[in-house]
Amino acid sequence: MSDDEVNPAAVAQPVEDVQGDGRWLSQHARFVQECKDAEPDVLFVGDSMVQLMQQFEVWRELFSPLHALNFGIAGDTTCNVLWRLQNGELENIRPKVVVLWVGTNNYEHTAEQVAGGILAIAQLLASRLPKAKVVVLSLLPRGERPNPLRGKNTEVNSFLRSWLPRLGQQAQYLDVSGEFVHSDGTIIPQDMYDFLHLTPSGYRRVAKPLSDLLLQILEETPEERRASLV
């Protein structure tokens, strides 16, 4: 993709209200209100992978104690998350870390475009929250057996590994995808009940390395963090 091309996965847009109940905008409005009332140290942003995490014990055990906010909406693409962040979801808060997990719903976009959309969100976060660390989580494999969408997510992760260093030490890629595909190429329902969304044990596989990284970042002194961003 040349620098002159507009990446459709990096164009901010809200979700069309197909059902007519204003559900998505209502969730967005709730998040904007939370920004006025909360002082999070950690902000989670993304799609259903983020949203559903809040329903499991790992959230209460590992992330709630870190003063975390969860701004996940099921079905969101990079375009939707970009729009939300540009329209109030970063106002009045100064988290020390933002965890970004989105991209698996970008069905209409190529792997390169999806990675570019994720990078655009990371750039926005780095610009709006210059003192925060941005942690970008890898997309997970999906489908019981090897399939085109799983292959695409692997490609997205490869692009992210090579592109995120452009943002310097403010952004960090964390690969949480490694333990889900077995030697025969299958994913088991004990990890992903529908071969996309995680079970409690699946979330625990993701949460442990993420929690370790967040604690490491939060325990750095302000001086160390400033030095790492220079």
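In which hand does α4 pass α5, left or right? The crossing is left-handed. A crossing gets that name if the near helix is turned anticlockwise from the far one by less than a right angle, and it is right-handed if clockwise. The helices themselves (H or I, at least four residues) and the strands (E, at least two) are DSSP runs, numbered from the N terminus.

This is a predicted model, in which local features need pLDDT of at least 70, side-chain atom pairs count only at pLDDT 80 or more, and totals for chains, interfaces and linings use all residues. Residues are numbered from 1 along each chain as its sequence is written, and side-chain values use heavy atoms, with hydrogens and water left out.

Start with the helix pairs. Two packed helices are described by the angle between their axes and the distance between the axes. Axes here are lines fitted to C-alpha atoms, for helices over the stretch in contact, and angles run from 0 to 180 degrees between N-to-C directions. Helix α4 spans residues 78-86, and helix α5 spans residues 111-128. Their axes come within 9 Å and cross at roughly 15 degrees. So α4 and α5 are roughly parallel to each other. The cut-offs are under 35 degrees for roughly parallel, over 145 for roughly antiparallel, 65 to 115 for roughly perpendicular, and oblique for the rest.

Which residues of α4 and α5 make the contact? From α4 come T78, V81, L82, L85 and Q86. From α5 come V114, G117, I118, A120, I121, L124, L125 and R128. Contact means heavy atoms within 4.5 Å. By class, the contact of α4 with α5 has 9 nonpolar, 3 polar and 1 charged residues. Ala, Val, Leu, Ile, Met, Phe, Trp, Tyr, Cys and Pro count as nonpolar, Asp, Glu, Lys and Arg as charged, and the others, Gly among them, as polar.

Helix α5 also meets helix α6, residues 148-163. The axes of α5 and α6 come within 8 Å and cross at roughly 45 degrees. That makes α5 oblique to α6. Here the crossing is right-handed. On the α5 side are A111, E112, V114, A115, G116, I118 and L119. They meet K152, E155, V156, F159, L160 and W163 in α6. This contact divides into 9 nonpolar, 1 polar and 3 charged residues.

Now turn to strand β1, residues 42-46, where V45 lies. Is V45 buried or exposed? V45 is buried, at 0% relative accessibility. Buried means under 20% relative accessible area, exposed over 50%, and partly exposed in between (1.4 Å probe, protein chains only). Leaving out residues up to four places away in sequence, V45 touches V50, F71, V81, R84, L85, V98, V99, L100 and W101.

Next comes the loop between α4 and β3 (97-101), which holds I93. I93 is buried, at 1% relative accessibility. Beyond its neighbours within four places in sequence, I93 is in contact with C35, A38, P40, L43 and L129. I93 and P40 are 53 residues apart in sequence, yet 7.0 Å apart in space, C-alpha to C-alpha.

N92 is found in the loop between α4 and β3 too. N92 counts as exposed, because its relative accessibility is 55%. Its phi is near 70 degrees, a positive value in a residue other than glycine.

Finish with the cysteines. C35 is buried at 1% relative accessibility, and C79 is buried at 2%. How many disulfides are there? The count is 0, where a disulfide is a pair of cysteine sulfur atoms within 2.5 Å.
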